[in-house]
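I opened the model and kept notes as I went. The entries below follow the order in which I looked things up.

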Amino acid sequence: MDLDKPNMKNLTPNKNTAKSPRVILVQNKRVKESEIKRLLSERGFEVLPCDNIFDTLDKLKSPGYTAGAVFDVDELSGDAMEILEAIRSEKSKTEFPVALITNRKDFDIEDFFRSGANEYIERSKAAKEFVPRFLNLVSTAESFRSLLKNSDKIKFLFETSNIFNSTLDIDVIMDHILKLTVEATNSHSGTVFLTDAKGNVIKQILSNNYPSPLQQSVIVDKIMHKGLAGWVFENKKPGIISNTDTDERWYKMKWNGPDLKSVVCMPMIRRDHILGVLTLHHPEESYYNENHIEILNQIANQAAISIENSHIFNQLHHLSITDELTGLFNRRLFFTLADKEYFKAIKFNEFLSMMMIDIDDFKSINDVYGHFAGDIVLETISKIFQTIIRNYDILARYGGDEFVVLMPKTHIQGAIDLAKKIHKEVECCEIKVDEKKIRVTLSIGVAEKDDKTDSFSHLLKKTDQALYRAKAKGKNRIDITC
């Protein structure tokens, strides 16, 4: 499922914010600025006088936060109108307030309001009314900007949630986490670790710009136990390195890219358990701040839910295809895989053999030693099977005390040799249950697909017949259906 990336343009913190909010003061040259400048300065504003359109645009484009503009006009001025329209081309009417001050009552200011002015104040009343009315404009604009910002955050979180909810593939989820956070914070590179309950890394993904994947794999244990990631895992809270040259939690790596000076690390927590750790890097010192933490925290919370859902899905999927006691494939999955292997053997004219295994007198083990001992016998024998069969063989618990092994590309003699090895290994094994030692034997039936075998069910039937004969002949033996 492909989804558009969330728009993170308005979520990235601005590091160029000035300490004092600025006010652009636009006036005719004949009018003194001292009164207005004094009133604004007393309220903590930095006043930037402008006389022409070019000067005004330069002030607007310079770094810093501009709270609004004041037009001090004594007469209707075409130049003032041009400047106002230029301001509106740079800033939205709703987020950037403009106030007009004049000593005239007889001129039409309708054109100014149509061009984007927000307030009109008579000069005779400016001493008493200008400051509170202008501050009200600024406050209203701030509220609107905050509303827009919150709207952007809600939209961002909604889009991020859609991306994470679009998949249960843990590798895809981790890739989403890294791409979203690197882009949202304008970071240079990053890493995502999935961790177990002890802080061991069980899976990791590096961004494309990460300095050295090879070195990362070498020092990952140090990072998680002595580095910033380990500190974050231990304390369950974000961590920041402002200067990697002076912080002992940063491990330097040699590479040809920029020197990474700033690092931020976030835990991904769900139900008080840390599921993973996210780390981002930037070449500037002291780059990351609380605004970045806020953004990353929102993403990390969404990511933790998605990771947990992926774990739950994988666990449920595992339970649906495996036997709970032995951990082997269950009967349902065995038939699914067996059908595929059978048709592959038919299509490519390959050998295919099968064995069915039965634990001799298993009921008496339960009767004499108890069902707990019977479970231990099943678990122990299953592990023996797993150590002997080959990687491409398909082993499953067929039911009760019966097991099946499908052997692709294996002729009858190869199947017999494998059956003998399993039979001997189990016969020699002593299974300890409390203070008791239990020995068991196996009856095994073996069969091979041949020209007369017309389906997998037919092969299964031939193998079952061989097992039946092995048990009928006294058990503890191997029988074959040729």
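**Overview.** I began with the secondary structure: the chain has 14 helices and 17 strands. I took helices (H or I, at least four residues) and strands (E, at least two) as DSSP runs, numbered from the N terminus. The model is predicted, so I noted that local features need pLDDT of at least 70 and side-chain atom pairs count only at pLDDT 80 or more, while totals for chains, interfaces and linings use all residues. Residues are numbered from 1 along each chain as its sequence is written, and side-chain values use heavy atoms, with hydrogens and water left out.

**Burial and surface.** How much of the chain is buried? I read 47% of the 482 residues. Buried means under 20% relative accessible area, exposed means over 50%, and partly exposed is in between (1.4 Å probe, protein chains only). The chain exposes about 25,500 Å², and 49% of that comes from carbon and sulfur atoms. These areas come from the Shrake-Rupley method with a 1.4 Å probe; for residues, only the protein chains shown count as cover.

**Contact range.** I then looked at contacts between residues at least 6 apart in sequence; 66% of them join residues at least 24 apart. Contact here means heavy atoms within 4.5 Å.

**Helix pair α7 and α8.** Two packed helices are described by the angle between their axes and the distance between the axes. I looked up α7 (residues 213–225) and α8 (residues 228–235): their axes come within 4 Å and cross at roughly 40°. Axes are lines fitted to C-alpha atoms, for helices over the stretch in contact, and angles run from 0 to 180 degrees between N-to-C directions. The two helices are therefore oblique to each other. On this scale, angles under 35 degrees count as roughly parallel, over 145 as roughly antiparallel, 65 to 115 as roughly perpendicular and the rest as oblique. The crossing of α7 and α8 is right-handed. A crossing is right-handed if the near helix is turned clockwise from the far one by less than a right angle, and left-handed if anticlockwise. On the α7 side I listed Ile223, Met224 and His225; they meet Leu228, Ala229, Gly230 and Phe233 in α8. The contact of α7 with α8 divides into five nonpolar, two polar and no charged residues. Nonpolar covers Ala, Val, Leu, Ile, Met, Phe, Trp, Tyr, Cys and Pro; charged covers Asp, Glu, Lys and Arg; the others, Gly among them, are polar.

**Helix pair α12 and α13.** At what angle do the axes of α12 and α13 cross? I noted roughly 140° for α12 (residues 371–388) and α13 (residues 412–427), with the axes coming within 10 Å. That makes α12 oblique to α13. Their crossing is right-handed. Ile381, Ile384, Phe385 and Ile388 of α12 make the contact with Leu418, Lys421, Ile422, Glu425 and Val426 of α13. By class, the contact of α12 with α13 has seven nonpolar, no polar and two charged residues.

**Pro97.** Next I moved to single residues. Pro97 sits in the loop between α3 (78–90) and β4 (98–102). Is Pro97 buried or exposed? It counts as buried, at 3% relative accessibility. Leaving out residues up to four places away in sequence, Pro97 touches Ala67, Gly68, Ala69, Arg88, Asn118, Leu137, Val138 and Ala141. Its C-alpha atom is 8.6 Å from that of Gly116, 19 residues apart along the chain.

**Gly445.** I found Gly445 in strand β16 (residues 442–448). Its relative accessible area is 0%, so Gly445 is buried. Thr463 is 18 residues apart from Gly445 in sequence and 5.5 Å apart in space, C-alpha to C-alpha. Not counting residues up to four places away in sequence, Gly445 touches Met354, Met355, Met356, Thr463, Ala466, Leu467 and Asp479.

Asp358 lies in strand β11 (residues 352–359) and is buried, at 6% relative accessibility. Beyond its neighbours within four places in sequence, Asp358 is in contact with residues including Asp401, Glu402, Thr441 and Lys471. Asp339 is in helix α10 (residues 331–348) and is partly exposed, at 35%. I also noted Asp339 and Phe456: 117 residues apart in sequence, 6.4 Å apart in space, C-alpha to C-alpha.

**Positive phi.** Asn349 is not a glycine, yet has a positive phi of about 55°. Asn349 is in the loop between α10 and β11 and counts as exposed, at 68% relative accessibility. Asn476 has a positive phi of about 50° and is not a glycine. I placed Asn476 in the loop between α14 (456–472) and β17 (478–481). Asn476 is partly exposed, with a relative accessible area of 30%.
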